[in-house]
Amino acid sequence: MAVDIQPACLGLYCGKTLLFKNGSTEIYGECGVCPRGQRTNAQKYCQPCTESPELYDWLYLGFMAMLPLVLHWFFIEWYSGKKSSSALFQHITALFECSMAAIITLLVSDPVGVLYIRSCRVLMLSDWYTMLYNPSPDYVTTVHCTHEAVYPLYTIVFIYYAFCLALMMLLRPLLVKKIACGLGKSDRFKSIYAALYFFPILTVLQAVGGGLLYYAFPYIILVLSLVTLAIYMSASEIENCYDLLVRKKRLIVLFSHWLLHAYGIISISRVDKLEQDLPLLALVPTPALFYLFTAKFTEPSRILSEGANGH
């Protein structure tokens, strides 16, 4: 195979784009930025991203998709009040919005029209921050080679957030106006206003810390799910199994946290060796059981009452 010989490419992410191919002859352009959907190989040639995302990649995308949904549910619950019958409908609507946004995002991604994406393999942390690795051969002129080396794991999250926001603005105000009769006029749309704040925050978080989140999200899930479960059980004054079973809502919260525990464990283990990693899921109920067995020693109800009285 005859290949056009040119000077070697400088920089970690600069590559040569294929200009012409005729049989065994390939002619490449000058060293520069790779087109969208391509990244450089070891020989510094831009190659199309044709691989399927790994399980860990899907778990990362699932984590980023869960963030707005969990925040939606939190603020809906926060502003709806304990006696509001509209909370359940808003929870279902938020789930519908995020689910539809995820499906639409996959359909508009390459290849278009199917619930499947092609991607480039993530090799190291620097793949997420190619803008930091533009070379300066003469220390004066910078060769700009910034591109999405982790295609499409970086930009697909922004597309998903945009669809989430658009669907929320189309559906939620109409729903809240119809069914949120138990709330005051000033409280009806507070969960929507909250979303207008946390979506820009999530966008900046992905833009700046996407690579860090990619490697840290399993541990973030485990730590946050453990902390929030402990806070919820203590705030609800759950000290034994009867307190846990007396209300369906408490069981729903418990099972939701167990799902998050399992999600974090699977993300950490990556299920590389199925027969060794699956038994780790038996640890999912351990934090809740540990709390119930030790609650009698800490008496969270007494601590909460003393805090309320200012002691």
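With -70° about the S-S bond, the disulfide of Cys49 and Cys120 is left-handed, where a disulfide is a pair of cysteine sulfur atoms within 2.5 Å. The two sulfur atoms lie 1.6 Å apart. Cys49 sits in the loop between β5 (46–48) and α1 (55–80), and Cys120 in the loop between α2 and α3, so this link ties together parts that are 71 residues apart in sequence. The helices and strands named here are DSSP runs, numbered from the N terminus, with at least four residues of type H or I for a helix and at least two of type E for a strand. Cys49 counts as buried, since its relative accessibility is 1%, and Cys120 counts as buried at 4%. Here buried means under 20% relative accessible area, exposed means over 50%, and partly exposed falls in between, using a 1.4 Å probe and protein chains only.

The structure is a predicted model, in which local features need pLDDT of at least 70 and side-chain atom pairs count only at pLDDT 80 or more, while totals for chains, interfaces and linings use all residues. Residues are numbered from 1 along each chain as its sequence is written, and side-chain values use heavy atoms, with hydrogens and water left out.

How many disulfides does the structure hold? There are four, and when bonded cysteines are counted along the chain they follow the pattern 1-3, 2-8, 4-5, 6-7. Cys164 takes part in no disulfide, and the nearest cysteine sulfur, that of Cys98, is 4.2 Å away. Cys164 is buried, with 1% relative accessibility, whereas Cys241 is partly exposed at 48%.

Another disulfide connects Cys14 with Cys145, at an S to S distance of 1.8 Å. The link of Cys14 and Cys145 is right-handed, with 95° about the S-S bond. Because Cys14 lies in the loop between β1 and β2 and Cys145 in the loop between α2 (86–108) and α3 (155–179), the pair ties together parts that are 131 residues apart in sequence. Both Cys14 and Cys145 are buried.

Cys9 and Cys31 are also joined by a disulfide, with 2.0 Å from S to S. The angle about the S-S bond is 130°, and the link of Cys9 and Cys31 is right-handed. This pair links distant parts of the chain, 22 residues apart: Cys9 is in the loop between β1 (2–3) and β2 (15–22), and Cys31 is in strand β3 (residues 25–32). Cys9 is buried, at 11% relative accessible area, but Cys31 is partly exposed at 28%.

Aromatic rings provide another set of contacts. A search of the whole structure finds 20 aromatic pairs. Rings of Phe, Tyr and Trp (its six-membered ring) pair if their centres lie within 6.5 Å; planes under 30 degrees apart count as stacked, over 60 as edge-to-face and the rest as tilted. The ring centres of Tyr13 and Tyr133 are 6.0 Å apart and the planes meet at 70°, so this pair is edge-to-face. Tyr13, in the loop between β1 and β2, and Tyr133, in the loop between α2 and α3, are 120 residues apart. Tyr13 is buried at 1% relative accessible area, while Tyr133 is partly exposed at 36%.

Trp128 and Tyr214 make a tilted pair, because their ring centres are 5.2 Å apart and their planes are at 45°. Trp128 lies in the loop between α2 and α3 and Tyr214 in helix α4 (residues 190–235), so the pair ties together parts that are 86 residues apart in sequence. Trp128 is buried at 4% relative accessible area, and Tyr214 is buried at 4%. Trp128 and Tyr214 also belong to one aromatic cluster, whose other members include Tyr56, Phe63 and Phe158.

Residues 151–171 are 81% helix and 0% strand, with end C-alpha atoms 31 Å apart. Residues 250–266 are 100% helix and 0% strand, and their end C-alpha atoms lie 24 Å apart.
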